[in-house]
Amino acid sequence: MESIWSEEVTIPPRKEMIGGLNTQVAVIGAGMAGLLTAFFLTGRGYNVIVLEAERIAGGQTKHTTAKITGQHGLIYDKLIRNCGMEKAGLYAEANESAIREYQKIIEEKNIECDFQRLPSFLYSEKHAEPLMAEADAAAALGIKAYFTRKNKLPFPTAGAVCFEDQAQFHPLKFIRAIGEGLTVFENSRVISVKQHVIYTERGTVTAENIVFATHYPFINAPGFYFIRQHQERSYVLALSNAEKLDGMYYGIDKEALSFRNSGDILLLGGGAHRTGENREGGSYEMLRKEARKLYPNATEIAHWSAQDCMPHDEIPFIGKYSKFRPYWYVATGFKKWGMTSSMISAMLISDLIQGKENKYAELFKPQRFYCRASMKNLLKDLGKSTKGLVKGSFHFPFSSVEKLPEGHGGIVRKGLKRYGVYKDEQGIIHQISAKCPHMGCELEWNPDELSWDCPCHGSRYDYDGKLLDNPAQINKHYTEND
C-alpha cells in the first residue's frame with residue numbers, strides 16, 4: 001500500500017534518458033539525498049544530471065516518517081564514549097545545521113510542505129537511567145535537551161528525553177518544489193559504473209564527478225560497503241481519529257513504537273527487523289493490535305514499510321566513495337534518520353565537489369574506522385552474511401510445490417536447483433530463483449510484504465521477480481530456465 005505522502009502528492013513524470021550525455025556532475029538516485037545534492041550544485045552553477053531507476057522519490061523517501069531531527073535514539077552518550085567529545089559534538093552540530101537548512105530553503109523558496117518546529121521525545125516504558133545519561137550527554141554537547149517524566153503518550157513511561165525545536169514536514173511536497181528546476185531522467189536504471197562512465201539501460205553518461213545517492217551502494221569494489229553495514233525494515237500505520245500528540249516520539253525498548261502526527265493523522269511505527277529475517281511475519285498485525293489497544297476509536301487509512309542502512313559505528317558514510325575513485329561520492333548508512341542525513345550529505349558532498357572545506361568531512365568520511373564503535377557489529381554482520389551464503393547447504397526446502405500451502409512462500413527444490421516459490425490464494429504458482437543476484441545469498445520469504453528478501457545485504461524482490469530494493473541491480477523475473 002502507498003504511504004500517505006504518495007496518496008496526497010503526485011510528482012509530474014520526467015522523460016527517460018537518451019544515451020551519450022556529458023555533464024559535470026551525475027547524481028545516481030532521485031531521492032531526498034540525490035535531489036538535494038543536485039539542488040545545491042545546480043544553484044552554484046554546475047551542470048548536473050540526476051538518473052533515477054524508476055520515479056522521483058520512488059524509493060525510501062516516500063516511505064519515511066519524515067522526522068527532521070538530531071535525536072537518533074541513544075546516540076550521544078555512546079558517541080562520547082566511543083569516539084570522544086569532539087566527534088560527538090560535530091555529529092550533533094551537523095544534524096542541527098540540517099534542520100536549520102531545511103527551514104532556510106523552505107522560507108526562501110516559500111515552499112508549502114507542512115514544515116513544523118516541535119519537540120522530539122525519546123522514551124522508555126521501563127528504564128529511566130539510559131535516558132538520563134542521554135539527556136546529560138546531549139546537553140553537554142550544546143543540544144537543548146532535558147530529561148522529563150511528563151509526556152502525552154497513551155501509556156505510562158519511566159521517562160523521556162526531550163529535544164526542543166526539532167521539525168517534521170511533508171517530504172514529497174518539499175521534493176516536488178526543489179525538483180522543478182533540476183534535470184532528472186526517470187526510468188533510467190544505472191547498471192554499472194566504470195571510472196567516469198555510467199552505463200544505463202538507455203545508454204551512457206560521462207561525468208567529471210559521480211554521486212551515488214542510491215540508498216545502498218550497488219558497486220561492491222572499491223568501497224566494500226556491503227561488509228560495513230546491514231539493512232533493516234520497519235513498518236508504519238496511518239490512523240485517523242487518534243489522539244493528537246505534542247511532538248514526535250521514539251521508543252528505546254525492544255519492540256517499542258514511534259509516533260508522529262501529520263495534520264489529523266497519527267503515524268504509528270514499529271516492528272523493525274533485519275531484512276531477510278521475518279519468516280513468521282506479523283509486523284503489521286502487531287501494530288494493528290497496539291492501535292486497537294491504544295486508540296480503540298481510530299481507523300487505519302494506510303500502511304507501508306521502509307528500509308534503512310545500519311552502519312556498524314552508527315555514523316553515516318558521506319564523502320568520497322574510495323581513495324581509488326576520488327571523483328566518486330557516496331551517501332549511505334542513514335540508519336532510520338534519512339531526512340537529516342540527506343541534508344548533511346547534500347551540504348557536505350556539494351562542498352567537496354567544489355573543493356571547499358567542510359568541518360564535518362572527517363567525521364562522516366567513508367574511509368574511517370572507529371574500532372571501538374564498529375567491531376561488535378562488524379563481526380555480527382560477517383556472521384549473518386556467512387550464514388546466508390551457506391544456508392542452501394543446510395536448509396531443507398520443500399520437496400515439491402504441491403506441499404507448499406496456498407497463500408504461502410517457501411524454498412522448493414527441483415533437481416539440484418532451489419527456487420523461491422509463492423503459491424497465492426488461488427493456487428497460482430509464482431517462481432523465482434532462490435539465489436540473490438547481488439552476491440549469491442539465499443533469499444527469505446517475507447509474508448508481511450509478499451516479497452523475497454536477502455538476509456545478507458538487503459536486496460528485495462516481489463514474488464514475480466521485480467526488484468524492490470538494492471544493492472542488487474538486476475530487474476528481471478528469474479524462471480526455471482535461467
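In the predicted model, the hairpin of E19 and E20 has five residues between the strands, and Gly427 in this hairpin takes a positive phi near 85°. Strand E19 covers residues 417–423, and strand E20 covers residues 429–433. The two run antiparallel and are joined by five bridges. Within this pairing, Tyr422 stands opposite His430 in E20.

His408 has Lys423 of E19 as its bridge partner, and Arg413 stands opposite Arg418 in E19.

Together these strands make an open sheet of three strands in the order E18-E19-E20, with antiparallel pairing. E18 and E20 each have a single partner strand and stand at the edges, so one side of each is left without a neighbour in the sheet. With direction ignored, neighbouring strands of this sheet are turned by 30° against each other on average. Six of the seven residues of E19 are buried, so this strand is largely enclosed by the rest of the structure.

A further open sheet contains four strands in the order E21-E22-E23-E24, again with antiparallel pairing. Its edges are strand E21 (444–446) and strand E24 (467–469); each has a single partner strand, so one side of each is left without a neighbour in the sheet. The twist from one strand to the next averages 35°. Inside the order, strand E22 (residues 451–453) and strand E23 (residues 460–462) run antiparallel and are joined by three bridges. Asp453 stands opposite Arg460 in E23.

Helix H8 comprises 17 residues, 338–354. At 1.5 Å a residue H8 should span 24 Å, and its end C-alpha atoms are 24 Å apart, which agrees. H8 is mostly covered, with 15 of its 17 residues buried. Just after H8, Gly355 takes a positive phi of about 80°.

Helix H7 (residues 283–294) has twelve residues. From its first C-alpha to its last, H7 reaches 17 Å, close to the 16 Å expected at 1.5 Å a residue. The residues Ser283, Tyr284, Leu287, Ala291 and Leu294 of H7 are buried. They cover an arc of only 100° around the axis, which puts them on the same side of H7. The face turned away from this buried side carries the exposed residues Lys289, Arg292 and Lys293. The cover over the buried residues of H7 includes strand E11 (229–240), strand E13 (258–262), strand E14 (265–274) and strand E15 (299–311).

The loop between strand E10 (203–212) and E11 holds Tyr216. With a relative accessibility of 0%, Tyr216 counts as buried, because the cut-off for this class is under 20%. Tyr216 and Gln229 are 13 residues apart along the chain, and their C-alpha atoms are separated by 9.3 Å. Gln229 is also among the residues in contact with Tyr216 when neighbours within four places in sequence are left aside.

For the protein chain as a whole, ten helices and 24 strands are assigned. The radius of gyration is 22 Å, close to the 23 Å that the globule rule gives for 482 residues, so the chain is as compact as a globular protein of that length. Its C-alpha trace spans about 65 × 55 × 45 Å along the principal axes. Of the 482 residues, 57% are buried. Among contacts in the protein chain with a separation of 6 or more, 69% are between residues 24 or more positions apart.

Methods: Residues numbered from 1 in each chain as written. Predicted model: local features only at pLDDT ≥ 70, side-chain atom pairs only at ≥ 80, totals over all residues. Heavy atoms only, no water. Pairing = 2+ DSSP bridges. Axes fitted to C-alpha atoms, helices over the stretch in contact; angles between N-to-C directions. Expected span 1.5 Å × (residues − 1). Buried < 20%, exposed > 50% of the residue type's maximum accessible area, 1.4 Å probe, protein only. Arc of directions from axis to C-beta. Contact = heavy atoms within 4.5 Å. Rg over C-alpha atoms; globule rule 2.2 N^0.38 Å.
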